[in-house]
Protein chains: 2
Amino acid sequence: MTDTFRSFELTDLRFPTSRDRDGSDAMNPDPDYSSAYLKLATGTGDAGYGFVFTIGRGNEVQVAAIRALERHLVGRDVDQVLSNLGELWRELTTDSQLRWLGPDKGVEHMAVGAVINALWDLRARRAGLPLWQLLAELEPAQVVDLVDFTYLEDALTPAEALAILQTARPGAAERTTRLLRTGYPAYTTSAGWLGYSDDKVVRLALEAVEAGFDHLKLKVGADTDDDIRRCELVRATVGPDIRISVDANQRWGVTSAIANIRRLAHIDLWWVEEPTSPDDVLGHKAIRDAVAPMRIATGEHCANRVLFKQLLSSGAVDVCQIDACRVAGVNENIAVLLMAAKFGVPVCPHAGGVGLCEVVQHLAMFDYVAVSASTENRWIEFVDHLHEHFETPVVVEGARYRAPSAPGSGARVHDATLEAFSYPDGPAWRTYVNPQSHGQVLPR
Amino acid sequence: MTDTFRSFELTDLRFPTSRDRDGSDAMNPDPDYSSAYLKLATGTGDAGYGFVFTIGRGNEVQVAAIRALERHLVGRDVDQVLSNLGELWRELTTDSQLRWLGPDKGVEHMAVGAVINALWDLRARRAGLPLWQLLAELEPAQVVDLVDFTYLEDALTPAEALAILQTARPGAAERTTRLLRTGYPAYTTSAGWLGYSDDKVVRLALEAVEAGFDHLKLKVGADTDDDIRRCELVRATVGPDIRISVDANQRWGVTSAIANIRRLAHIDLWWVEEPTSPDDVLGHKAIRDAVAPMRIATGEHCANRVLFKQLLSSGAVDVCQIDACRVAGVNENIAVLLMAAKFGVPVCPHAGGVGLCEVVQHLAMFDYVAVSASTENRWIEFVDHLHEHFETPVVVEGARYRAPSAPGSGARVHDATLEAFSYPDGPAWRTYVNPQSHGQVLPR
């Protein structure tokens, strides 16, 4: 029987996380972790799930942007679409009228990502496989077909991409076995939010080390003296053998980044993340050249493959941080993984927020099995937060992500959560007045 | 009496321009020129007008994004806001939750631009001055205060900006007089849309030259053989003394751009515009280095000042094309004008669409009077299209923009137009079925 796409069911899902300052950093002092959440339903009652992660206000804009893509799917044959996701990616990103809103960036581009990820979720569910395994079992030529090489030709050709995938082929079965047995390394950001007291940071850092983490990340960027003090405190707490990275969340300009990173050098940091604007390719290059051998990381806010191409091909970063929802979904992230492999830059995915861990782990595991073939100096970010709202929450044990076995991408949220946290009418919001609004109820 | 901001009155305004293929190019075959249009009303009945230009679908997303900023203005003192527009710019662009949707790019950032431009429109109306003159009469230090130097410090310091403005001071009065007498040079794109027949292109090119234009622009990028043929045709039609530029609208990758531009070299082009992705700073640099002395132009789709900083400081472009609505309004465009002046790159604004000519002319004229102090190798784009919908339409005579004298920024649209072309319920849309929708009425 032919099945066709029937509807986009969209939820403006928001969690009032600003109440506890979980997730606070120098750029984002009071996030309400949110999701522009898509259930892509078919005529036979099947569905795929995808979302864009946001931090509160404006989530309704993101929902509207996903809605604008509905016309591309509704009424179309499900099998035909799912078996040509490279073609669909090109169709969605080159809708000429919508493209003007980006191009290839921001709300419009992330909306494409939600739809693409929902389609991959559905495809994996239908195949009865977790997304990482579905991707890892594709033929190299099929993977290459998923990638749009427009604007990439000068850094990565289809033939080079094919060669990378073919080279990784021989050990894939063995790596799959190892992954299923031992999982994928994680680092934790849970200890280091800026809004936390020193006592809380120390306690959480110790708990993290006891739980097996060998890599912690702290937020910096609001005040360098305070950053140094906190980093020294954590270094003294965990000793010299635990990796400590810091994340400045774009707070610095190029000149101040260089000065501030030099002041942090004695703490022996593993990487410095988002030292400046994610758009500043030349700035990252200048910073990296000035502070080497300190590692520079970025990517969670890089809008598209063209940014990643420049960062990777010019040697502007040491660590490439993909995000499940910032670029236009699985297909574009595969392009990034392939470029990172070509230029020898390890991929350490950004996660946290709400649902980012659940989805991005699949990309890291696919990278390990089928692309880079390595977990050396690679970790997926882990924040132990809001996982209970997902049908198949991540499992992190002994500081390693266990490879998911459930079919799909991990994006599906419990129906009860959709009801409780829908904004502004869900029970979690009906009685709540945001302290930032000075007692006023915010306009929708 | 104290006046406060009362409301955002937003209109989803769309013109069915795809019917005639006006504005068609290699990337945008069937635009419906549109405007997410803001009337920012105050309690005493005053108003400022601003908008984001889009090309159709998704205009409702842009409207929603502007709506999300309403809470920052409503209830606030008008005078206080208008006299601190630098501060307000920083407030709007650093709303931490909304910033996540960019950062500094796409729908979210353009929404800030609409609000900022509406505030400048109101300020100019209240001052009884056209915007260009209001800006040109500010003290250099006041102009510097409008600019957010975050992420710019390595290319332009406040002291350097001040020096540029102070250097331009002495001849300002004389340039104002000259501007009022002779206007500002224009080039025209009206002849060269891709959807036009050869006959129409030849006829329009001749008409443009007769009207006094010494600089025409043609659209290219769909098929290089056809591009060469059309360019040769126009060159044969207008002779060797008329400048011809071409616009590839991002259709090429770096490698193909270099190859295609070399094939166009014999036509003696003035500039090649948007050869590739607007995000590809290193790509533009590679193209420019490979095809020099051919001039490379870009900017209309550059999302923010960080992109412009890189393009200008690295020598990636010969021509800087600001747009009234792509970055976050007047303040950010001032930052770009100052950087262009520092790096000696002429600014030739992008215009056309609907309302872009009306607004951007003010920025070019401000640049001439107070920043670059020159019109040499500078032209404002002109497309003779949809001006009749504006309260104070541009006047282009003898291929020169006449300096506007009416108070404001030129952004205000006639009320009758708002009614007729509001989407989807205005009379212009109620009976119209887009041919691209295959007979279906599009979902809203």
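Guide: Helices are DSSP runs of H or I, at least four residues, and strands are runs of E, at least two, numbered from the N terminus. With that, α15(B) is followed by Gly344(B), whose phi is positive, near 70°. This is a predicted model: local features need pLDDT of at least 70, side-chain atom pairs count only at pLDDT 80 or more, and totals for chains, interfaces and linings use all residues. Residues are numbered from 1 along each chain as its sequence is written, while chains are lettered from A and ligands numbered from 1 in the order in which they are written.

Helix α15 of chain B covers residues 329-342. Of the 14 residues of α15(B), 13 are buried (20 or more other C-beta atoms within 10 Å of the residue's own, with C-beta atoms placed from the backbone). The helix is therefore largely enclosed by the rest of the structure.

Now α15 in chain A, residues 329-343. Its axis and that of α5(A), residues 106-127, come within 6 Å and cross at roughly 95°. Axes are lines fitted to C-alpha atoms, for helices over the stretch in contact, and angles run from 0 to 180 degrees between N-to-C directions. The two helices are therefore roughly perpendicular (65 to 115 degrees). On α5(A), the contact (C-beta atoms, placed from the backbone, within 7 Å) uses Val112(A), Gly113(A), Ile116(A), Asn117(A) and Trp120(A). On α15(A), Gly329(A), Val330(A) and Asn331(A) take part.

Technical notes. Expected span 1.5 Å × (residues − 1). Buried ≥ 20, exposed ≤ 12 C-beta atoms within 10 Å, placed from the backbone. Parallel < 35°, antiparallel > 145°, perpendicular 65-115°, else oblique. Contact = placed C-beta atoms within 7 Å.
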